[in-house]
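Hello,

Here is the structure I promised to pass on. My notes follow below it.

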Amino acid sequence: MSANNLVSINNLTVEFKTELGSVTALKDVSFDLPRNCITAVVGESGSGKSVTSNSIMRLLPDSAQTSGEIILYPQKSEPISITSLAEKDPRLRSLRGGLVSMVFQEPMTALSPVHRIGDQVAEAVLCHREVSKEAAWSEAASMLEQVGLTDVQQKMRMYPFEFSGGMRQRVIIAMALICHPQLLICDEPTTALDVTIQAEILVLIKSLQQKLQNSVLFITHDLGVVAQVADRVVVMYDGQVLEVGDVKQILKNPQHPYTCHLLASMPGAERRTTKESKQKNWAAGAALGGGTALATAEDGRQVREFVR
Ligand SMILES: Nc1ncnc2c1ncn2[C@@H]1O[C@H](COP(=O)(O)OP(=O)(O)OP(=O)(O)O)[C@@H](O)[C@H]1O
Ligand SMILES: [Mg+2]
């Protein structure tokens, strides 16, 4: 354990039993989430990002068999071994939505379509704290202001369908933060939004983290997003952690061939690519069991691309 870490994931392996056999979603995953820091987990679809974050929230289905350990070191209270909590343990309730809360990809599905925005955010307070309805409503109003909504009292009387996607995601972030979680998990929170709104939400998440000084686990498949938002990055592939480190260091000098490949596939990478890094990327292809092939670029040029 280190006093600087809020969460330690140690040798986490998750296997799902299905009718067609077993699927190993995570293989011996280990990394830490430091306090007061945004850690991004990046990797392609199916690499195990959501299974990792759902393991922290203990949201895996019964078909999941888990080994290894996740330990949470809350401020001012005893460490909690998340992986060994019994289903009926009261600490599980204080964990979900209390110590740890989550923002999902699709803001519409996380909100009830038939309840007013204000009632939904206030309900998040009432679920975890014994306060009056009036106090919960005014806390909800103040949190909605902090996530950048204007005319809050009027908006709190509206329904989710009257909000844009970006406004709904701000509401979800307010609901996630209203009980002051020590860890905020954002699982692809901007994927469903258009590019301009995506940039605004990233700025919001970063500025709220700096203000609240909590830890954020930010899941994405996009290294461009990692560069904008994260302090540290964990690169995952096929249920395994390939590389962990400071974001600037990893973006500047990636050590694993797969990270080089991810960097090379970012928009604009062609312009930044040096002869040396091209060689590294092609080595990445070979290391992942792939190769290169000629393809026709948009401007008609023949370019060599990595294929698997
Ligand atoms: N309930 C389940 N039953 C069986 N297999 C599952 C289950 N949930 C996840 N998996 C498998 O575990 C692996 C990791 O899935 P996970 O959802 O963590 O990927 P991901 O990195 O979050 O991908 P994406 O970017 O598409 O969200 C995948 O192979 C997936 O099919
Ligand atoms: Mg996912």
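Six strands make an open sheet in the order S6-S7-S8-S3-S9-S10, with mixed pairing. Strands here are DSSP E runs of at least two residues, helices are H or I runs of at least four, and both are numbered from the N terminus. Two strands pair if DSSP finds at least two bridges between them. S6 (100-103) and S10 (240-246) have a single partner strand each, so they stand at the edges with one side lacking a neighbour in the sheet. From one strand to the next, the twist averages 15 degrees. Angles run from 0 to 180 degrees between N-to-C directions, with axes fitted to C-alpha atoms, for helices over the stretch in contact.

Helix H6 (165-177) packs on this sheet. H6 touches S6 and S7 (183-187), and its direction makes about 175 degrees with that of S6. Contact means C-beta atoms, placed from the backbone, within 7 Å.

Inside the sheet, S3 (38-42) and S8 (215-220) run parallel, joined by five bridges. Alanine 40 sits opposite phenylalanine 218 in S8.

There is also an open sheet of four strands, S2-S1-S4-S5, with antiparallel pairing. Its edge strands are S2 (21-34) and S5 (80-81). S1 (5-18) pairs with S4 (64-72) over eight bridges. Valine 14 has threonine 66 in S4 as its bridge partner.

Overall, the protein chain has twelve helices and twelve strands.

The model is predicted: local features need pLDDT of at least 70, side-chain atom pairs count only at pLDDT 80 or more, and totals for chains, interfaces and linings use all residues. Residues are numbered from 1 along each chain as its sequence is written, while chains are lettered from A and ligands numbered from 1 in the order in which they are written.

Best wishes

Technical notes: Contact = placed C-beta atoms within 7 Å.
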